[in-house]
Amino acid sequence: FPTRRSSDLKAIGSRKDFSRPDEDSLLAEYKACVEDLLAHDMVQKMDNHVQHCDTSRLQHSINVSYYSFLICYRMGWDYRSAARAGLLHDLFFYDWRTKKAIRSNHAAWHPRVAYDNAKKITELNKVETDAILKHMWPCTPVPPRYVESYVLTFVDKISAIFEVAEKKSAKVFKRRAVVQP
């Protein structure tokens with residue numbers, strides 16, 4: 001895996017430390033699905049961009065990738081495509097909060113940018129392509145075609161909620177600790 005801090009090498013909410021030796025066969029399977037992508041400079045560059053609050057775009061993508069992988073694995077669906085698409089679904093390098101940075105609606109536009117960037121670093125299958133291009137549904141007009149795409153779409157939304165909630169709850173607990181004697 002990449003040279004990020006060991007404490008960052010896990011999905012938010014998971015106890016699995018991705019930097020440890022593969023004691024867990026399921027974690028080893030996940031790593032086998034995405035390690036080539038995680039080693040790529042373009043994917044690593046996402047760590048320099050904020051996605052939600054204090055969560056980097058790379059960390060957000062790891063969250064989406066890992067939890068999409070777990071759901072699809074448990075259900076017997078294409079977990080490899082879900083893991084890979086989850087890691088690549090937000091592969092863009094502009095600040096979406098800055099209006100000058102985007103031509104139109106970011107929610108509808110960035111999946112195409114991510115797809116174009118992902119094609120530059122790996123060959124994408126039909127499930128990965130669909131999941132990346134349609135992960136912002138219903139902001140994108142055409143719904144996903146594959147169950148793995150729906151999983152990624154919903155895991156993306158849930159991850160965003162947890163990433164924002166983590167930041168907000170940390171502020172509340174910090175404030176309470178200061179107020180209480």
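## Aromatic pairs

The structure holds eight aromatic pairs. Rings of Phe, Tyr and Trp (its six-membered ring) pair if their centres lie within 6.5 Å; planes under 30 degrees apart are stacked, over 60 edge-to-face, and the rest tilted. Tyr73 and Tyr79 make an edge-to-face pair, because their planes stand at 65°, with ring centres 5.0 Å apart. Tyr73 is partly exposed at 35% relative accessible area, and Tyr79 is partly exposed at 23%. Buried means under 20% relative accessible area, exposed over 50%, and partly exposed in between (1.4 Å probe, protein chains only).

Trp137 and Tyr150 are also edge-to-face: centres 5.7 Å apart, planes at 85°. Trp137 sits in the loop between helix H6 (126–134) and helix H7 (147–179), and Tyr150 in helix H7, so the pair ties together parts 13 residues apart in sequence. Helices (H or I, at least four residues) are DSSP runs, numbered from the N terminus. One aromatic cluster is formed by Tyr30, Tyr66, Tyr67, Phe69, Tyr73 and Tyr79.

## Basis of the model

This is a predicted model: local features need pLDDT of at least 70, side-chain atom pairs count only at pLDDT 80 or more, and totals for chains, interfaces and linings use all residues. Residues are numbered from 1 along each chain as its sequence is written, and side-chain values use heavy atoms, with hydrogens and water left out.

## Salt bridges

The count comes to six salt bridges, each a side-chain nitrogen of Lys or Arg within 4 Å of a carboxyl oxygen of Asp or Glu. Arg84 bridges to Asp36, with the closest N and O atoms 2.8 Å apart. This pair links distant parts of the chain: Arg84 in helix H4 and Asp36 in helix H1 (residues 25–38), 48 residues apart. Arg84 is buried at 3%, whereas Asp36 is partly exposed at 43%. Asp36, Arg84 and Glu128 are linked in a network of salt bridges.

Lys134 bridges to Asp130 at 2.7 Å between the closest N and O atoms. Both lie in helix H6, four residues apart, about one turn of the helix. Both Lys134 and Asp130 are buried.

## Helix H4 and the cysteines

Helix H4 (residues 79–88) is largely enclosed by the rest of the structure, because eight of its ten residues are buried. Among them are Ala82, Arg84 and Leu88.

A search of the whole structure finds zero disulfides, a disulfide being a pair of cysteine sulfur atoms within 2.5 Å. Cys33 is buried at 2% relative accessible area, and Cys72 is buried at 0%.

Methods. Helix = DSSP H or I, 4+ residues; strand = E, 2+ residues; numbered from the N terminus.
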